[in-house]
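Here's a quick briefing to read alongside the structure. Have a look at the model, then work through the points below.

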Amino acid sequence: MEIETDEGRPLALGAGRIRTVAAVLISEVNQAVTVHRLIDLAWDGEPPARARGVVHNHVHRLRQLLDGHAELVTRGQGYVLIADPAAVDSHRFRSLVSAARDADPRAAVAMLRRALGLWRGEALADVPGDRVRRTLGVGLAQARVAALQELGAKLLSLGRYGELVTELTAWTAEHPLHEELTALLMRALQANGRQAEALDHYHRTRRHLKEQLGIDPGPALGAAYLEVLGRGPAAAPPPSAARPPAGPPPAVPYAVGPRPAAPPRVAQLPPAVVDFCGRARELAVLEQHLDRVPRPHCLVLAGGGGAGKTSLAVQWAHRLTAEFPDGQLFVDLRGFERPPMRAGTALASFLRALGVPEAGIPDSVSERAALYRSLLAGRRMLVVLDNAGTAEQTRPLLPATPGCLAVVTSRRRLSGLVVRDGAVLVGVGPLTPGDALRLLANALGSQRIEADKPAARELVRWCDGLPLALRIAAARLMAHPEWPLGCWTRKLADERRRLQELSAHDADLAVEASLYLTYRALSSGAARLFRVLGLHPGPRVGVLDAAALAGRDVARTRRHLAELCDAHLLEEQPQGHYVRPELVRLYAAQRAVAEETRSDRDLAVRRLLDQAARLRPARG
């Protein structure tokens with residue numbers, strides 16, 4: 001990380017935690033950052049007694065360095081760096097990427113290249129502290145990958161396959177576990193007539209994932225693999241075909257006019273998880289709805305992050321291939337990432353898969369949706385919409401033909417689809433203890449589980465029966481076959497380390513990162529309630545206790561509790577209480593320490609104690 005003058009000369013920050021303080025203030029330019037947050041990020045949650053004085057000294061030094069270039073002011077309990085956001089590389093990067101979405105393909109390529117050219121290695125690589133890199137760096141790294149994917153899609157649409165292959169080959173060699181970019185490279189190689197190389201990249205990445213993480217390829221890579229297998233290199237259009245001809249484009253019928261030619265059969269489902277187990281209840285519910293008359297046209301699988309919704313949807317979809325002989329469409333909508341995939345982008349992808357040439361894809365979302373539904377009319381197709389963020393993002397992608405079925409997965413319940421579109425909601429919770437043990441046995445071998453069954457049960461308990469957490473724990477244990485299970489459960493027993501231990505090599509394969517994606521999508525009021533609930537010591541919380549912690553009236557608190565339930569961060573009980581998984585409680589406590597001042601935390605706890613004191617006589 002560097003701070004440059006207007007003349008391009010870097011300012012001498014030196015080493016140590018002053019770089020961390022500077023990184024946080026720059027990343028959140030023109031926003032107040034509390035001293036407590038700076039301390040938490042600079043010392044990874046374990047500050048020394050003198051931390052506040054050290055931060056003040058660092059801020060004083062930064063003011064001297066920035067004199068005449070930017071203003072660093074005190075505001076409330078923290079500081080604000082006042083500067084033009086365009087002077088910050090990360091903000092300029094996001095601005096260019098956002099502008100590229102609305103530009104024509106050639107202009108978008110130039111903007112995306114400028115945005116990606118701002119990178120000089122990994123985000124915050126020279127900033128000390130693991131927590132600051134997890135908090136600020138993960139989102140930037142994901143945005144970089146998304147920009148690379150967007151650039152790749154534009155280059156593919158323009159027929160510039162050679163450029164794309166050259167760039168992605170170097171990047172995937174440096175980051176062999178990035179499945180989405182490997183999938184994009186495979187498609188570029190296939191379009192360039194190099195199918196064998198595309199398949200080689202798939203098998204190499206699959207081997208890396210199995211050896212280093214103990215997992216199989218995800219939906220994006222699996223879909224690319226099936227696409228390459230289903231279409232030979234001859235199916236790729238020549239580069240000239242991707243460029244629009246001179247003069248006005250030919251008229252393309254999509255709402256009226258002659259019916260388009262029958263689309264090719266598509267099979268975009270990613271591979272099913274090899275060691276899938278359990279989910280007997282959920283599968284039975286799905287089968288019951290499939291047998292209903294009339295049959296629903298949309299099923300929503302809703303559950304918390306890492307609950308295994310995608311694995312369940314893909315597993316069930318593979319069972320239904322005979323039921324939907326005209327093919328299967330699949331898309332990851334990235335509903336909780338920034339930016340999420342737009343419905344128009346997903347529709348364009350589906351239309352290409354259904355045989356519509358680039359020049360024939362309409363500009364507006366409504367026209368794309370009309371053409372998409374026209375192509376599905378009279379056919380029996382299965383559409384899997386993975387990781388949806390909102391009903392509005394999903395609705396244009398729902399087929400209208402009775403013979404088609406949409407399966408949507410989301411961290412939210414998407415009640416709008418249920419109420420307005422007649423969708424059926426199916427909850428996906430944690431695995432049962434028996435199924436969780438079977439998952440561990442599939443990964444580690446039944447002998448290792450049977451050798452220490454009590455430790456295995458304890459491991460399931462510390463992981464809340466969450467498939468993501470269990471697979472991460474299994475991957476760590478697979479890397480150390482000589483470790484007894486008890487060694488790992490002792491690590492997880494420490495509440496201060498549990499979330500940190502449940503992370504794989506990739507930052508996005510972590511329970512904490514998964515919870516963060518859900519948390520940042522909350523409204524500000526629900527997010528604050530979530531944080532202060534982290535100060536409550538027990539797993540069950542009543543409405544009055546929640547209102548006392550938040551310092552809000554009961555009506556508003558109920559609305560925020562409902563939002564947390566919708567996001568699967570809480571679960572309402574019949575008697576009016578709310579419960580939460582232990583990992584969610586730990587994450588809420590972590591966010592409370594990171595984002596609430598000590599005085600605010602103390603005040604919230606005092607309100608909770610006063611509330612308990614008022615209720616004690618009545619309860620007695």
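D275 sits in the loop that runs between β4 (266-267) and α11 (280-290); helices (H or I, at least four residues) and strands (E, at least two) are DSSP runs, numbered from the N terminus. Keep in mind that this is a predicted model: local features need pLDDT of at least 70, side-chain atom pairs count only at pLDDT 80 or more, and totals for chains, interfaces and linings use all residues. Residues are numbered from 1 along each chain as its sequence is written, and side-chain values use heavy atoms, with hydrogens and water left out.

**Around D275**

- D275 has a relative accessible area of 17%, so it's buried (under 20%; exposed is over 50%, partly exposed in between, with a 1.4 Å probe and protein chains only).
- Skipping neighbours within four places in sequence, D275 is in contact with N442 and R471 (heavy atoms within 4.5 Å).
- The side chains of D275 and R471 are also joined by a polar contact of 3.2 Å.

**The nonpolar cores**

- The largest nonpolar core has 79 residues, and W316, L522, F530, L533 and L564 touch the most other members.
- Helix α20 (residues 467-478) gives the most to this core: seven residues.
- A core here is a set of buried Ala, Val, Leu, Ile, Met, Phe, Trp, Tyr and Cys residues joined through side-chain atoms within 4.5 Å.
- Leaving out neighbours within four places in sequence, L564 is in contact with residues including L522, F530 and L533.

**On the surface**

- V419 belongs to helix α16 (residues 415-421).
- With 72% relative accessibility, V419 counts as exposed.

Methods: Polar contact = N/O pair within 3.5 Å; in protein donor to acceptor, adjacent residues only side chain to side chain.
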